[in-house]
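Dear colleague,

I am passing on to you the structure that I have been reading through, together with some notes on what I found in it. Please have it open beside you as you read.

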Amino acid sequence: MRPRTRLGPANLALISLYFVPAWGTDALRALLSPYSGFDDRAHAAASIYLRQVFDFGLDGLMRASCILAGIKLVIAAAFVAYLIEFVRSLVVGREPDRETLDAVLLLAVVAIVIWALPALALDDKALMRLYATQLLLVAGAVIVITVEGHILQAEAAASPGDEAAGHEPDAARRILVPVKLVPAGPRR
């Protein structure tokens with residue numbers, strides 16, 4: 001019997017299916033735009049915020065806009081990499097790589113902070129709804145994966161002998177089947 005996928009990795013795969021086209025198209029639109037993405041209010045707000053923080057000139061503003069779009073494209077590619085890892089783990093019958101999962105979540109949280117804070121300062125209700133939704137999606141994934149990690153650590157601590165032998169905690173229970181011993185009688 002193949003192991004079932006836990007909720008956290010499956011949840012992040014579904015979230016990845018949302019962020020790959022959303023952030024990928026936003027990033028490509030900003031990179032290919034003749035206005036360096038300043039026709040998008042959210043992207044322009046993030047670029048102008050970085051310009052104010054680091055006191056860039058016009059050239060720095062344009063570079064910051066292109067760098068932000070590139071970062072968004074890299075994060076969309078990280079979500080694609082996680083989707084590939086998730087599908088591969090389903091086919092092979094193992095858990096997804098924890099480092100890939102953690103890296104994608106960290107990148108998503110950083111990206112939400114970079115783009116959401118300046119967009120929320122614009123006081124545009126549509127942008128506020130969009131980034132609040134994205135923030136809740138990522139925060140929900142972080143919470144589910146963190147809780148699952150604590151549950152797995154508690155299970156591992158409860159059965160240290162099984163973990164030391166390299167077995168999963170439930171594997172020993174599946175292998176050890178209760179055997180009914182029948183007293184040996186005289187043979188005929």
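Helix α1 runs over residues 7–32, and its 26 residues reach 37 Å from the first C-alpha to the last, which is close to the 38 Å expected at 1.5 Å a residue. Please keep in mind that this is a predicted model. Within α1 there is a kink of about 30° at Phe 19, shortly before the proline Pro 21, and Phe 19 is also one of the buried residues of this helix, among them Leu 12, Ile 15, Trp 23 and Ala 27. An α-helix has 3.6 residues a turn, so residues three or four places apart point the same way. The buried residues of α1 pack against α2, α3, α4 (98–121) and α5 (125–158).

The next helix, α2, has 14 residues and reaches 20 Å from its first C-alpha to its last, close to the 20 Å expected at 1.5 Å a residue. The buried residues of α2 are Ala 42, His 43, Ala 44, Ala 45, Ala 46 and Ser 47, and what covers them includes α1, α3, α4 and α5. After α2 comes Asp 55, which has a positive phi, near 55°.

Phe 56 is found in the loop between α2 (41–54) and α3 (58–92). Together with Tyr 49, Val 53 and Phe 54, Phe 56 forms a nonpolar patch on the surface, and the four have about 390 Å² of accessible area together.

Best wishes

Conventions:
Residues numbered from 1 in each chain as written. Predicted model: local features only at pLDDT ≥ 70, side-chain atom pairs only at ≥ 80, totals over all residues. Heavy atoms only, no water. Patch = residues over 30% accessible without salt bridge, like charges linked within 9 Å, V, L, I, M, F, W, Y side chains within 5 Å. Areas by Shrake-Rupley, 256 points an atom, 1.4 Å probe, with all protein chains shown as cover. Salt bridge = Lys/Arg side-chain N within 4 Å of Asp/Glu carboxyl O. Helix = DSSP H or I, 4+ residues; strand = E, 2+ residues; numbered from the N terminus. Expected span 1.5 Å × (residues − 1). Bend = angle between axes of the 7 residues up to and from the residue. Buried < 20%, exposed > 50% of the residue type's maximum accessible area, 1.4 Å probe, protein only. Contact = heavy atoms within 4.5 Å.
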